[in-house]
Every structure is written in structure tokens, then in C-alpha cells.
Amino acid sequence: MNETPPPSLALSPAALPDAPLADALRLVALDGAPVLLASSTHSAAPPHRTDIWALPLAGRGPSGAVATIPQLLPALPRWDAAAADGAADGGALSFVVEVAGGAVNALVRLDGASGVRTSLTAHRPFASFSGPRFVRGAGAGSLPAPSPGAPGAVSAVVDNATAVVLEAAAAGGGSVDHPIGECIDVVVLAGSPGPTAVCKRVAPGASRGGALPGTVRVSARDAAYGAAGAEDAPFGDRRVFEIDADRAGGGLVIVATSAAHLLVAHRPAPGAAFRVLPVDAGGADPATFSAPCVLVTDRTVTLAVLSKARTPDARALVATWPLP
């Protein structure tokens with residue numbers, strides 16, 4: 001693959017529904033095109049709920065409300081979304097959602113079409129799970145799934161300390177945990193010869209928007225998610241707050257918020273060095289950025305970030321560039 005880096009990434013605004021309450025973003029591929037999802041949590045008075053909205057960025061895919069998540073507590077839930085297996089052209093979505101329970105958080109899978117909820121963590125009722133994400137990338141759909149049409153594996157952090165991957169057990173049993181190691185946030189990408197884990201490890205400093213500071217480490221994993229090689233540090237020891245990642249061909253793209261920058265790193269192939277790419281914030285203040293997300297579709301990278309979340313000036317900023 002040509003290792004010439006793309007030019008400076010220029011962020012531009014994208015209109016968000018319910019923008020003053022927007023608190024999180026995700027990118028999903030539907031009908032071969034990127035769709036931006038944004039959530040807004042209504043927590044001023046019961047009944048509390050989180051609405052998830054869709055904004056097609058290339059003119060294809062769903063638009064408007066795609067899910068409503070009822071809540072007992074007014075917390076802002078962390079969530080992720082993926083196209084239901086075999087439904088990438090039909091707009092069907094599955095969600096995995098963090099359910100606040102006071103001292104202990106559980107994870108549930110939510111079918112966006114039917115609203116059916118399935119517990120993923122009932123096998124560990126006294127553990128607290130946070131930061132759920134579907135395992136991403138080539139091969140994720142072939143992992144064991146709890147029901148037909150649902151993406152198979154979910155990563156999360158247990159008790160704010162250890163990352164795991166949850167997979168469905170054989171014969172319809174409960175979930176099985178595969179430990180990854182010390183992490184306070186994690187993204188896992190399936191692939192060959194094995195998965196890759198992008199992990200945020202805790203670092204000293206004050207939190208921002210509820211996110212603790214940390215450093216990013218990338219490691220290859222074996223089929224059982226055990227370590228299978230040395231770690232990489234795409235941003236060195238720079239402290240970051242929120243992260244996301246996606247596969248880019250045989251490589252990897254990682255996006256992270258820091259104290260004063262939106263950081264983007266690209267590795268063109270396993271074993272190659274990461275390059276940190278310049279980002280033009282388009283006049284926005286990166287110190288206000290949160291909820292970074294990245295998606296690779298048909299050799300095009302799309303990234304998005306939320307500026308001034310949950311304020312009247314909240315807006316999504318989006319950039320795209322072609323892979324060489």
C-alpha cells in the first residue's frame with residue numbers, strides 16, 4: 001500500500017437534530033455509505049430516555065429517529081451501533097447500551113426495529129460494565145451471535161479497570177468473557193490472523209466531560225483475544241480523553257480527543273509505523289470536542305466529532321479523505 005499520508009483533514013459542520021441536547025456520536029455503514037448517529041438524553045424529569053437520531057452523510061441510509069431507550073436513572077448512557085448481519089443495505093440497526101444501575105452498570109443489546117432488549121451481562125450481576133462497543137472489522141459478523149441478525153461480539157470495561165470481549169456461548173448459553181487486560185476504554189477490531197485491541201490506559205490528570213485521561217496502546221491479539229505481540233503507542237505518551245478506531249484495508253485509523261487537539265493516527269499495514277495526521281478544526285475549539293468516531297467504507301475514511309456537547313451551540317464536525 002502507498003504510505004503517502006493524506007492532506008490536512010478539514011472538519012466541516014453537519015446539521016444535527018436535537019442539537020442542544022446532543023451528547024454522543026457514532027458512525028455506521030449502511031447501504032455502503034456512512035451514516036452519522038447522534039444521541040440526546042432527556043433527563044430533566046421522569047420518564048428519562050435517550051433518543052438516537054440518524055443523519056445520512058452521503059444521501060443514503062435512514063434519517064431521523066432510529067431508537068428510543070427508556071431509562072430509570074438520568075445518566076448519559078454510553079452506547080454503540082452496528083448494522084444487523086445481512087442488513088447493511090436495509091438500514092436495520094442493532095445497539096448495545098450501558099444501563100445505569102447506581103453502583104453497578106449492566107449491558108443490554110437493543111434491536112432498533114423491534115425494541116427487543118437482551119441482557120449481555122446477566123452472568124455477572126455484581127460486576128459493573130461500561131463503554132460497550134461491537135467488535136468491528138472484517139470477520140466480526142462471523143463471531144457467535146445471540147440471535148440471528150445480531151452482530152456477535154461486544155467489548156467493554158469491567159469495574160473501570162479491565163477490558164473484556166463478550167461472546168455468546170454455544171447452544172444459547174450466557175455470555176463468555178475473554179479478558180484483554182488493563183484498560184479504561186477499548187475498541188476491538190476483528191481481522192486476520194487475529195483481532196487488534198486499541199486500549200486507553202489511565203493516566204494522571206483531571207477528567208473532561210466525564211472521561212478520564214489516558215494513553216493509547218495498540219496490540220495484536222490471538223483467536224482467544226490473548227496478547228500476540230508487542231504494543232504500539234500511536235500518540236506516544238500524549239494524554240487523551242476519548243478514542244475510536246476502525247480498520248483501513250490492512251491498516252488502522254485511530255481518532256482521539258486531547259486537551260487541545262483532535263488527534264488522528266494512520267497505520268497503513270501491520271508492523272508499519274503510525275503517522276499522526278494534521279487536522280484543520282475549521283475555527284472550532286478542539287478543547288470543546290468530545291465523542292470522536294471514525295468509519296472506513298470503500299477505502300474512504302470518515303471521521304466525526306461533537307463540539308460543545310449539550311449546549312445551544314452543539315454541532316457535529318465531519319471530515320473525509322480517500323485512502324491511497
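Predicted model: local features only at pLDDT ≥ 70, side-chain atom pairs only at ≥ 80, totals over all residues.

A disulfide is a covalent bond between the sulfur atoms of two cysteines. Here the partners are Cys183 and Cys199, whose sulfur atoms sit 1.8 Å apart. Take a look at where each partner lies: Cys183 belongs to the loop between β14 (175-182) and β15 (185-189), while Cys199 is in strand β16 (residues 196-202), so the bond ties together parts that are 16 residues apart in sequence. If you view the pair along its S-S bond, the torsion is about -130°, and the disulfide is therefore left-handed.

Are these cysteines buried or exposed? Cys183 has a relative accessible area of 2%, so it is buried. Cys199 counts as buried too, because its relative accessibility is 4%; the cut-off for this class is under 20%. Cys293 is another cysteine to find in your viewer, and at 0% relative accessibility it counts as buried.

Now turn to Ala269, which you will find in the loop between β20 (262-267) and β21 (275-277). With a relative accessibility of 30%, Ala269 counts as partly exposed, because that class runs between 20% and 50%. Which residues does Ala269 touch, leaving aside those up to four places away in sequence? Its contacts are Gly250 and Gly251.

Key:
Residues numbered from 1 in each chain as written. Heavy atoms only, no water. Helix = DSSP H or I, 4+ residues; strand = E, 2+ residues; numbered from the N terminus. Buried < 20%, exposed > 50% of the residue type's maximum accessible area, 1.4 Å probe, protein only. Contact = heavy atoms within 4.5 Å. Disulfide = S-S within 2.5 Å.
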